[in-house]
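Hi,

Here is the structure I said I would pass on to you. Have a look, and my notes follow below.

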Amino acid sequence: MSILTVQNISKRFGDTEVLKDISFQLDQGRALAIIGSSGSGKTTLLRCLNFLERPNSGTISVQDQVIFDAASAAAQKESEIRRKRLHFGLVFQSFNLFPQYTALENVTLAGRLLAREQEDFKRNKKDIFAEIDRRGAQLLSQMGLADRAEHYPHQLSGGQQQRVAIARALALQPDILCFDEPTSALDPELTGEVLKVIRGLAEQQTTMIIVTHEMAFARDVADQVIFMDGGVIVEEGDARQVIDHPSQERTRQFLSRYAER
C-alpha cells in the first residue's frame, strides 16, 4: 500500500529551478534511497517533504490524503504546517542536538511541548510526561544508548549523537523517517554504527527515505532507489537493479565513480 505520493513537485530559489516536476510513490514499510551528486536536489526534496521549504508547484499525499497542495499553500496556517510536519521525522547531517539538554531530554522535548496542547494536559501532566520519558528511554535503549540517557551532547561521540538524533526523530512516531546523508559528518570508523541502526530499522519495516552517498548500503538496505541529477529523476527502480545494472547513461557515469574507489 502506498503511504507517500509525490506529484509534480517543483522548487525554485529566485531564477534557479532546483527541483523540476518530481513524482514518485513509496509503499508502507519500504526503504527508498535517493542518490546523486551534490547539488542534484536531494536535500531540497527532503526539506520540501518536511515542510522546511515549500514547493512552488505540486502535491504531497500521505495515506491517500493530500497534505500539501502548492495551489492553496499560501492560505495554510503555520499551525497546520506544524501538524502536517508530524507525518515525517528528519535526521539531519549534523545531528542538530540541543547542547543544553541531555540525550533523553533531546529525545523527549518535542513530545513534551506537543503534550501541552492536549485538552487533558493539566489534569494528567505527570502521567503524560512519565509516558513520554518511558518512550524516550525505550528508544535510546533501542539505539544502544541506555547508559547515555543523562549525558550531554558534548559527552557523546559523533556516532552516539547521531543515534540520539534518530531516537528523537522516532519519538513522535512519524509515518516516514527521513535521513539526510546521516553519516556525512562522521569519521569513517563511526559510520558503521549508524548504518547498523538504519539497517535494523529497515529490517523492522520502518518506512524510510535515505539520502546517501553510501552506494553499497543503498543497494543492500533500500528496496528502491531514485537517482537524481540536475533537479530531475533520471532513473528509479529496484535498488539492486539500478545500482548494479543502471539503464541510463548518466546513472552509469555517476556510479562508475564509486566503483573506481
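Strands β1 (residues 2-13) and β2 (residues 16-27) run antiparallel to each other and pair over eight bridges. Strands here are DSSP E runs of at least two residues, helices are H or I runs of at least four, and both are numbered from the N terminus; two strands count as paired if DSSP finds at least two bridges between them. Ser2 sits opposite Asp27 of β2. The two strands make a hairpin with two residues between them, and Gly14 in that turn has a positive phi of about 65°.

Before going on, please keep in mind that this is a predicted model: local features need pLDDT of at least 70 and side-chain atom pairs count only at pLDDT 80 or more, while totals for chains, interfaces and linings use all residues. Residues are numbered from 1 along each chain as its sequence is written, and side-chain values use heavy atoms, with hydrogens and water left out.

Next, the open sheet. Six strands build it in the order β6-β7-β8-β3-β9-β10, with mixed pairing. At the edges are β6 (88-91) and β10 (232-238), each of which pairs on one side only. Neighbouring strands are turned against each other by 15° on average, direction ignored; the axes behind such angles are lines fitted to C-alpha atoms, for helices over the stretch in contact, and angles run from 0 to 180 degrees between N-to-C directions. Within the sheet, β3 (residues 31-35) and β9 (residues 224-229) pair in the parallel sense over four bridges, and Leu32 has Gln224 in β9 as its bridge partner. Helix α6 packs on this sheet, where α6 touches β7 and β8 and makes an angle of about 150° with the direction of β8.

Helix α1 (residues 42-49) is mostly covered, with six of its eight residues buried. Buried means under 20% relative accessible area, exposed over 50%, and partly exposed in between, with a 1.4 Å probe and protein chains only. The buried residues of α1 include Leu45, Leu46 and Cys48. Just after α1, Phe51 has a positive phi of about 60°.

How many disulfides are there? With a disulfide taken as a pair of cysteine sulfur atoms within 2.5 Å, the count is zero. The cysteine sulfur closest to that of Cys48 is in Cys178, and at 12 Å it is too far for a bond. Cys48 is buried at 1% relative accessibility, and Cys178 is buried at 0%.

Last, Arg252 in helix α9 (residues 249-259). Arg252 is partly exposed, because its relative accessibility is 36%. Leaving aside neighbours within four places in sequence, Arg252 contacts Pro246 and Ser247. Its side chain reaches the backbone oxygen of Ser247 at 3.3 Å.

Best wishes

Technical notes: Contact means heavy atoms within 4.5 Å. A polar contact is a pair of N or O atoms within 3.5 Å; within protein, one must be able to donate a hydrogen and the other to accept it, and residues adjacent in sequence count only if both atoms are side-chain atoms.
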